[in-house]
Amino acid sequence: MGLALFGSFIFIALQGSPKSLPDSSAVQAVTEIIALEGSSFANARRLLDDTDYQALCSNPDLRRLAQRLRNDRKQLALTWISSLQNDLIRLWRFRRFLIQRGVPSSMSEELRTLQALSLSLVLLSFIRLSIRAAGPFALPRATRQAGQLVDSMSTGAALVLGRIPVAGWAEIERSWVKSAA
């Protein structure tokens with residue numbers, strides 16, 4: 001079973017990205033319907049920048065402050081990664097919500113979505129482990145790009161939402177809020 005799933009994920013990955021992009025209004029609607037906490041954080045670059053830390057470490061009198069800064073940044077980075085993981089799950093649930101409401105989706109699209117979700121959660125878990133083990137400055141580039149995982153999942157949800165007429169989006173939002181409460 002595991003080999004079959006792995007083989008299907010490889011097959012889907014080799015097919016490439018989706019052929020169409022969602023309408024920008026659908027992307028905007030998804031971000032309005034779903035509160036995405038982690039992806040709305042705009043200062044990931046600053047959070048993971050070690051310039052302040054290095055400057056503090058260069059002064060022996062400020063090393064304790066540098067260590068406190070490192071620990072604070074570590075906690076903030078871990079909180080941000082947790083928010084990104086929650087955003088991914090929220091987007092996947094919203095997509096499932098739309099499919100359950102009768103929005104058409106192919107089996108290959110569903111498998112691609114499951115693959116993207118799984119790989120994204122694994123990558124975020126790896127980043128979380130690296131932050132715990134080596135600190136917030138260990139993998140800054142990979143960590144900064146973690147927000148893009150949520151953006152791609154958001155695009156997938158917007159593709160599905162775009163299959164519904166715009167007039168029905170308000171009803172979808174109301175139903176989503178009721179079901180999420």
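Guide: Buried means under 20% relative accessible area, exposed means over 50%, and partly exposed lies in between (1.4 Å probe, protein chains only). This is a predicted model: local features need pLDDT of at least 70, side-chain atom pairs count only at pLDDT 80 or more, and totals for chains, interfaces and linings use all residues. Residues are numbered from 1 along each chain as its sequence is written, and side-chain values use heavy atoms, with hydrogens and water left out.

Visitor: What makes α8 mostly covered?

Guide: Twelve of its 16 residues are buried. Among them are Leu-149, Val-150, Met-153 and Leu-161. For the protein, 37% of the 181 residues count as buried.

Visitor: Which helices do the buried residues of α8 pack against?

Guide: They pack against α2 (24–33), α5, α6 (107–134), α7 (140–144) and α9. Contact means heavy atoms within 4.5 Å.

Visitor: How many helices and strands does the protein have?

Guide: Nine helices and zero strands. Helices (H or I, at least four residues) and strands (E, at least two) are DSSP runs, numbered from the N terminus.

Visitor: How do you know what span α8 should have?

Guide: The expected span is 1.5 Å times one less than the number of residues. With 16 residues, α8 (146–161) should therefore span 22 Å; its end C-alpha atoms are 24 Å apart, which agrees. α5 has 38 residues and reaches 55 Å, close to the 56 Å expected. Just after α5, Gly-102 takes a positive phi of about 105°.

Visitor: Why is α5 called oblique to α9?

Guide: Axes are lines fitted to C-alpha atoms, for helices over the stretch in contact, and angles run from 0 to 180 degrees between N-to-C directions. Under 35 degrees is roughly parallel, over 145 roughly antiparallel, 65 to 115 roughly perpendicular, and the rest oblique. The axes of α5 (63–100) and α9 (169–180) come within 11 Å and cross at roughly 120°. So α5 is oblique to α9.

Visitor: Which residues meet where α5 and α9 touch?

Guide: From α5 come Arg-90, Arg-93, Phe-94, Phe-97 and Leu-98; from α9 come Ile-172, Ser-175, Trp-176 and Ser-179. By class, that contact has five nonpolar, two polar and two charged residues. Ala, Val, Leu, Ile, Met, Phe, Trp, Tyr, Cys and Pro count as nonpolar; Asp, Glu, Lys and Arg as charged; the others, Gly among them, as polar.

Visitor: What does Cys-57 contact, leaving aside neighbours within four places in sequence?

Guide: Cys-57 touches Arg-63 and Ala-66. Cys-57 is found in α4 (51–57). Its C-alpha atom is 8.3 Å from that of Gln-67, ten residues apart along the chain.
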